[in-house]
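Have the sequence and the structure open side by side as you read.

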Amino acid sequence: MDADNPVKDPPELLAGNVAVMRKALVDSLSLPAFILLFTMMGFGSLARSAGFGAEMAAVASLLIWGLPGQLAMVELTRTGQGLMAIVLACSLANARFLPMVVSFMPTLARKRASFPRMLLDAQLLSINSWAMCMREFPQVAAGWRHRYYVTFASSILLAAVVGTLLGYHIAVLLPLTLVLGLIFVSPLFFALVLSAVPGRAQRMSMLLGCATIPLSHFFWPAVDLLVTGLVGGSLGFVLGNYLDKRARRDHANR
Amino acid sequence: MQIDNFWVIVLACGAATFFWRALGVLVTRRIDANGAFFRWVTCVSYAMVAGLIFRMIVMPESELASVSLPIRVGAVAIAFGAYFLFKRRLVAGVVAGGLSLSGLVAWLG
């Protein structure tokens with residue numbers, strides 16, 4: 001059982017197998033699963049045009065499980081690059097998993113997780129689950145967060161693999177205007193999800209991430225996200241702590 | 001070096017991504033979840049993810065690049081309007097934003 005960390009929580013927090021899994025599935029099926037289905041259909045058809053087999057494309061979605069890296073792999077393979085260049089580009093495009101895993105694992109609030117199980121949890125992580133959990137975890141009892149995460153993440157991973165195969169086998173001919181709307185949905189979804197994330201330092205970091213990405217993309221396009229993360233995140237961290245301290249001082253003086 | 005078997009590419013790319021995840025697990029096992037280092041890494045994650053989203057919307061490399069910036073930004077504004085109007089329902093915001101982008105493209109070209 002995954003509820004191996006029964007922490008006492010206030011009664012208004014969500015707990016219990018059925019309730020938590022239902023919330024995870026409802027949260028997934030109410031949007032993210034379909035977004036994954038559609039975006040991975042795009043990946044499936046690109047993978048086909050680059051010469052990958054259907055089962056290769058599906059395994060790529062399952063193993064890499066990070067669209068920027070998958071797109072880098074397909075694009076560089078299509079243009080006939082060497083293996084080292086492809087792997088390096090894919091790895092760089094997915095390097096965000098390092099800070100994402102570090103910032104995510106402690107929020108699962110598991111005290112006695114073995115190393116292999118933590119690796120499995122890390123493999124399941126994607127930007128969708130990360131953002132959704134950061135938003136929903138405050139409403140889920142600590143002992144049940146892992147169950148929520150695994151249910152949510154597996155359901156969207158399944159949707160992604162199905163989407164990859166669908167996109168590979170079915171050439172979908174939708175009108176361009178509709179396709180544009182569908183592509184737009186993915187970043188829009190993340191923007192809405194993250195707008196509800198609490199914390200001064202987190203919010204500051206997101207603002208500074210947006211402010212610095214145009215410059216870092218212009219000067220260092222290959223590592224723009226890493227530069228933005230380090231610069232924007234560090235500034236956000238310092239500024240957020242400063243604002244927190246000031247708020248506490250103002251509160252104490254009142 | 002050209003590769004004949006694409007399975008090699010898929011598996012190598014999977015391993016290359018897993019490298020970062022495993023490194024993350026190694027780091028997370030050695031840090032204090034209430035400490036300054038953890039909070040700093042969280043800030044770095046938020047800045048990276050926000051930068052990625054901003055890049056996807058404002059400086060897209062996908063087909064979205066064919067849509068003019070005012071239409072993209074306008075559709076984001078409409079999405080947030082619908083999201084808050086419908087009591088923070090994600091579906092409302094996403095559907096409104098996606099449809100308004102398609103609509104504005106069809107209408108304004």
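## A pocket and what lines it

Start with helix 2 of chain B, which gives the second largest pocket the largest share of its lining, five residues. Keep in mind that this is a predicted model. The elements that put two or more residues into that lining are helix 7 (115–124), helix 11 (200–219) and helix 12 (224–253) of chain A, along with helix 2 (36–58) of chain B.

The pocket's volume comes out at about 820 Å³. Its lining counts 34 residues, and to find the centre, look for A:Ser103, A:Pro106, A:Thr107, B:Ala33 and B:Phe38, which lie nearest to it.

## How confident is the predictor?

For the complex, the predictor reports an ipTM of 0.89 and a pTM of 0.87. Chain B has a mean pLDDT of 93, with 97% of its residues at 70 or more.

Now go to A:Ser216, in helix 11 of chain A.

A polar atom of the A:Ser216 side chain sits 3.2 Å from the backbone oxygen of A:Asp224. Leaving out residues up to four places away in sequence, A:Ser216 touches A:Pro221, A:Asp224, A:Val227 and A:Thr228.

## An asparagine that touches both chains

A:Asn94 is in the loop between helix 5 (83–93) and helix 6 (97–104) of chain A. With a relative accessibility of 0%, A:Asn94 is buried.

Which residues does A:Asn94 touch, not counting those up to four places away in sequence? In chain A they are A:Ile64, A:Gly66, A:Pro68 and A:Gly69, and in chain B they are B:Thr17 and B:Trp20.

## Two loop residues with positive phi

Most residues other than glycine have a negative phi. A:Trp65, though not a glycine, has a positive phi of about 50°. You'll find A:Trp65 in the loop between helix 3 (54–63) and helix 4 (67–78) of chain A, and at 2% relative accessibility A:Trp65 is buried.

A:Ala109 isn't a glycine either, and its phi is positive at about 55°. This alanine lies in the loop between helix 6 and helix 7 of chain A. With a relative accessible area of 22%, A:Ala109 is partly exposed.

Notes: Residues numbered from 1 in each chain as written. Chains lettered and ligands numbered in written order. Predicted model: local features only at pLDDT ≥ 70, side-chain atom pairs only at ≥ 80, totals over all residues. Heavy atoms only, no water. 1 Å grid on protein atoms, 1.4 Å probe; cavity = no way out; pocket = protein on both sides within 12 Å on 5 of 7 lines; lining within 4 Å. Points joined across faces, edges and corners; volume = space filled by probe spheres on them. Helix = DSSP H or I, 4+ residues; strand = E, 2+ residues; numbered from the N terminus. Polar contact = N/O pair within 3.5 Å; in protein donor to acceptor, adjacent residues only side chain to side chain. Contact = heavy atoms within 4.5 Å. pLDDT = per-residue confidence, 0-100. Buried < 20%, exposed > 50% of the residue type's maximum accessible area, 1.4 Å probe, protein only.
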